[in-house]
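Student: I would like to go through this structure with you, starting with the charged pairs. Could you take my questions as they come?

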Amino acid sequence: MKPEQAKQVKIFDITMRDGSQSKVATRIKLVDLLKIAPKLADSGIYGVETWGGATFDVCVRYLREDPWERARALKEAMPDVQSMMLIRGQNLVAYSNFSDDLVDKFVQAAARNGIDVFRIFDALDDVRNHTAVIKAVREVGKTAEGAVCFTISPVHTIEKFIDKARQLEDMGVHQIAIKDMAGLIDPSTTYELVSALKKAVSVPLHLHTHDNCGLGMMSILKAVEAGCDMIDSVLSPFAGGTGHPCTESLVYSLHRLGYETGCDLAKLTKAAEEAKAVRALYSDFEAPYSGVDCKMLVTQIPGGVMSNLTSQLKGQNALHRLSEIIDEIPQVREDLGWIPLVTPTSQIVVSQATFNVLLGRYKIIANHTANVLKGLYGETPAPVNAELQARVLNGQQPTTVRPAELIPPMWPELVKKFPMLTEEEILIHAIFPHEAAGYFAETAKN
Ligand code: CO
């Protein structure tokens, strides 16, 4: 009998996208990412998350850097490493749905600028909002990773997650991610979920978690024991707390346990030294506290949501109402069909809960809340509050089709409007129309 081969675990270092987003508000400039990139590539790491999520928005709005150049330059610096982006389903890298033809154009551009793996999620976990992106990614011959958002609610059972994963597999994804955006998954649930998914689907599994509650590394270990194929982590200077478990300690531990990662620990520490120097350059963007905070185990409200809420309430001199708003959040979630708290639904739920506490419950129904109730974001995990829905619909019918069916093609108009621009430039106009003018004016001067 041949000796059993060591099991492979593929590691994606996500310092450059989620690490930067979780610790320094996504502000790291390309020039500084390029200091880390060659060393990370040299370490033998399997994948890196370099793009998507908030990076496109921050490049255009604040950094005035070409987001496409970022994708290209990082792929050039790490040619043999899988580069991953986070894509918000039909919302692409923004906050509301785009037309299917725009989805095609965006995915084609991302692929030709260097993206290999597209992690696709939807804030409502309505898999119909994955359809167009999965199709586009498959057409350009890249890897489609469908994400199931992990959240805790009375309707989110293991069976429900499995059902979503099965649907994604049927839709043609190449791999499935468990996206625990709030760091809420615990080791026991992780083991149960990964084991069940391993039986239910045949595509590889990828775990993404955060370390807010200090559970991250324990959950990762249980995921690997249950057969999880891919894991996300960050270089040590970005690890822990609102960030993620640490790449070097993960590699060290996995090797000691007899797993193979393909990574060279000594080389990873060189990349980490560089990352430490880079983070120090962005101290202006550090949150006042980004360590472990276990309150969330009780409130189940993500750390990022909590810090935004706190600063908003400070601005309105209403910080003394914070605990009432926290208590109101589960009520709003229930009324909105137990939607997960992730961009943009977390903002929708928190704003409505704030209105409810400061002005009286549903005295005002915010526009975005009304749109969830009307079905414009897609199907919610559980039915929405029927009374509220009737109120916002005002005699009309809720939307039950895939929401993007209602959006006419956008590309022909855009090409007419911007005949001199490249497809990449047109996409900036299409996705961030209000920021584009300022962005192009300023980048033209540079
Ligand atoms: Co994340």
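Student: How exposed is Glu225?
Tutor: In this predicted model, Glu225 has a relative accessible area of 44%, so it is partly exposed.

Student: Which side chain does Glu225 meet in a salt bridge?
Tutor: Glu225 meets Lys222, with an N to O distance of 3.1 Å. Lys222 is partly exposed because its relative accessible area is 29%.

Student: Where do Glu225 and Lys222 sit in helix H9?
Tutor: They are three residues apart in H9 (residues 216–225), so about one helical turn separates them. In general, an α-helix has 3.6 residues a turn, so residues three or four places apart point the same way.

Student: How many salt bridges does the structure hold?
Tutor: The structure holds 28 salt bridges. One of them joins the side chains of Arg112 and Glu424, at 3.0 Å from N to O. Arg112 belongs to helix H5 (residues 100–112) and Glu424 to helix H19 (residues 423–431), so this pair ties together parts that are 312 residues apart in sequence.

Student: And are those two residues buried or exposed?
Tutor: Arg112 has 45% relative accessibility and so counts as partly exposed. Glu424, at 14%, counts as buried.

Student: Which residues are linked with Arg112 and Glu424 in a network of salt bridges?
Tutor: Lys105 and Glu423 are linked with them in that network.

Student: What about the rest of H19: how many of its residues are buried?
Tutor: Seven of the nine residues of H19 are buried, and the helix is mostly covered. The buried residues are Glu424, Ile426, Leu427, Ile428, His429, Ala430 and Ile431.

Student: Back to salt bridges. Which residue does Arg119 meet in one?
Tutor: The side chain of Arg119 meets that of Glu145, at 2.6 Å from N to O. Arg119 is in strand E4 (residues 117–120) and Glu145 is in strand E5 (residues 143–149), so the bridge ties together parts 26 residues apart in sequence. Both residues are buried.

Student: What joins Thr343 and Pro344?
Tutor: A cis peptide bond joins them, with omega about 0 degrees. Pro344 is located in the loop between H14 and H15. As background, most peptide bonds are trans.

Student: How do H10 and H11 pack?
Tutor: H10 (residues 247–256) and H11 (residues 265–280) pack at about 170 degrees, with their axes 10 Å apart. H10 is therefore roughly antiparallel to H11. Thr247, Glu248, Val251 and Tyr252 of H10 make the contact with Leu265, Leu268 and Ala272 of H11. These divide into five nonpolar, one polar and one charged.

Student: Where is Leu281, and is it buried or exposed?
Tutor: Leu281 is in the loop between H11 and helix H12 (296–299). Its relative accessibility is 53%, so it counts as exposed. Leaving aside neighbours within four places in sequence, Leu281 is in contact with Asp32 and Lys35.

Student: New topic: what is the phi of Thr26?
Tutor: Phi of Thr26 is near 65 degrees, a positive value in a residue other than glycine. Thr26 lies in the loop between H1 and helix H2 (30–42), and with a relative accessible area of 3% it is buried. Ala25, which follows H1, also has a positive phi, near 50 degrees.

Student: How many residues of H1 are buried?
Tutor: Nine of the ten residues of H1 (residues 15–24) are buried, so this helix is largely enclosed by the rest of the structure. Among them are Met16, Arg17 and Asp18.

Student: Finally, where does Asn317 lie, and is it buried or exposed?
Tutor: Asn317 lies in the loop between helix H13 (303–315) and H14. At 66% relative accessibility, Asn317 counts as exposed. Its phi is positive, near 50 degrees.

Note on methods: Residues numbered from 1 in each chain as written. Predicted model: local features only at pLDDT ≥ 70, side-chain atom pairs only at ≥ 80, totals over all residues. Heavy atoms only, no water. Axes fitted to C-alpha atoms, helices over the stretch in contact; angles between N-to-C directions. Helix = DSSP H or I, 4+ residues; strand = E, 2+ residues; numbered from the N terminus. Parallel < 35°, antiparallel > 145°, perpendicular 65-115°, else oblique. Contact = heavy atoms within 4.5 Å. Nonpolar A, V, L, I, M, F, W, Y, C, P; charged D, E, K, R; others polar. Salt bridge = Lys/Arg side-chain N within 4 Å of Asp/Glu carboxyl O. Buried < 20%, exposed > 50% of the residue type's maximum accessible area, 1.4 Å probe, protein only.
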